[in-house]
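User: I have a structure to go through and a few packing questions. Can you take them one at a time?

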Amino acid sequence: MTPSDSEISKMPPALSTHAGYARIFQPGKLTFGFIMPLEGYPFSPWPTMHQHLELASKADSAGFSSLWLRDVPFFDPAFGDTGQILDPMVYLGALATTTKQITLGTTGIVLPLRDPVITAKQAMSVDFLSHGRFVMGLSTGDRPTEYPAFGANYDNRAARYRDAWDLIETLTQKNFPKAKSEFYGELNGNLTMMPKPVSKKIPTIVVGRARQEISWIAERSDGWIWHIGDFGQLSDLITWWRSLLPAGVFKPYGYATFFDLDENPDLPLQQGFNGIRTGRNALINLWKTQESQGVSHIALNLKPARRPAADILQEMAEFVLPHFPGAVQTGDTQ
């Protein structure tokens, strides 16, 4: 049984006032965003990126909550997808200047393949450029072929993930810190990293399982975005997740999914491998149910979409978002 809204704890003050985090995560409310690129490319491993910045601006002005970027450094034919092609942290700099209010995030940076000191510097830079709209999602990735190219150990990636997480947290939140990591560098108290976050911290969420215990995710992260999973088990999953959270603290659960909105508004929901195809009426019913179950955010990947992204955004903005008041947000944050 999913706890009622009255049983849901409140967000920590540092996050409730964070422009990016508070836009997508609110107790008892469901919001929606998109995994970039805003483009369907069902028969190709890579997108055209045609009018990608214009479409991002359109999603922003339409009131959607977030734009998420994946970390896919190589094209692996066995994997079959390159995401938005562009490096996520570089691309976020462009999106920060193109958009005004929408949350910008990563789903997620493959942390064991990246230097955590550089990742911390990039995150703080994006946070500054976006006026505090950045939410950082961190993962361990699911493409083992990439690890040899980086000279990275695949077997200890879970431990390096935790070590890098701690180092990023230290660099972004403390001045002249002292810290010694197991796999990375050492801080001796004579250096500090700038610019510090616009708010008190950069919200950091776990994307996927990251090969961590769920109890660790519940304790250390600011939220969890997983895959679509079994909708029949969603209520039990969220109840379990909330039972692991620190007392009195709200931390959101969301999921990412491949998504194709059919032109027929009455098309029944079709759930396939890690994705859904549906008309808008079944979609509204599904998301109303999931909102009541406690889902906080859904990140939609348009790769399998057969319609122009602009048409999907327009239909959702006109017919779907009004059913979810928490998801419709306007007003310039800059």
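User: Which residues is F231 in contact with, leaving aside neighbours within four places in sequence?
Analyst: This is a predicted model. In it, F231 contacts Y255, Q271, I276, L286 and Q290, once neighbours within four places in sequence are left aside.

User: How many residues apart in sequence are F231 and L286, and what is the C-alpha to C-alpha distance?
Analyst: F231 and L286 are separated by 55 residues in sequence, and their C-alpha atoms are 9.4 Å apart in space.

User: Where does F231 lie?
Analyst: In the loop that runs between strand 9 (224-227) and helix 9 (234-244).

User: Buried or exposed, that F231?
Analyst: F231 is buried, because its relative accessibility is 13% and the cut-off for buried is under 20%.

User: Switching to helix pairs. At what angle do helix 10 and helix 11 cross?
Analyst: Roughly 60°, with the axes of helix 10 (residues 280-293) and helix 11 (residues 309-320) coming within 11 Å. Helix 10 is therefore oblique to helix 11.

User: Left-handed or right-handed?
Analyst: The crossing of helix 10 past helix 11 is right-handed.

User: Which residues make the contact?
Analyst: Helix 10 contributes R280, I284 and W287, and helix 11 contributes E315, M316, F319 and V320. By type, the residues of this contact between helix 10 and helix 11 are five nonpolar and two charged, with no polar ones.

User: Take V320 from that set. Buried or exposed?
Analyst: V320, which is found in helix 11, is buried, with a relative accessible area of 0%.

User: And what does V320 touch?
Analyst: Not counting residues up to four places away in sequence, V320 touches R280, I284, W287 and E315. The C-alpha atoms of V320 and R280 are separated by 6.9 Å, and the two residues are 40 residues apart along the chain.

User: Next, helix 4 and helix 5. At what angle do they pack?
Analyst: About 10°, and the axes of helix 4 (residues 88-98) and helix 5 (residues 116-129) are 9 Å apart. That angle is why helix 4 counts as roughly parallel to helix 5.

User: Which residues meet there?
Analyst: On helix 4 they are M89, L92, G93 and A96, and on helix 5 they are T119, Q122, A123, V126 and L129. The contact of helix 4 with helix 5 has six nonpolar residues, three polar and no charged.

User: Last topic: what feature does UniProt place at residues 47-239?
Analyst: The unreviewed UniProt entry gives "domain: Luciferase-like" for that span. In the model, residues 47-239 are 37% helix and 16% strand, and the end C-alpha atoms lie 37 Å apart.

Definitions and conventions. Residues numbered from 1 in each chain as written. Predicted model: local features only at pLDDT ≥ 70, side-chain atom pairs only at ≥ 80, totals over all residues. Heavy atoms only, no water. Axes fitted to C-alpha atoms, helices over the stretch in contact; angles between N-to-C directions. Helix = DSSP H or I, 4+ residues; strand = E, 2+ residues; numbered from the N terminus. Parallel < 35°, antiparallel > 145°, perpendicular 65-115°, else oblique. Left-handed = near helix turned anticlockwise from the far one by under 90°. Contact = heavy atoms within 4.5 Å. Nonpolar A, V, L, I, M, F, W, Y, C, P; charged D, E, K, R; others polar. UniProt positions renumbered as here; feature names shortened; annotations may be inferred. Buried < 20%, exposed > 50% of the residue type's maximum accessible area, 1.4 Å probe, protein only.
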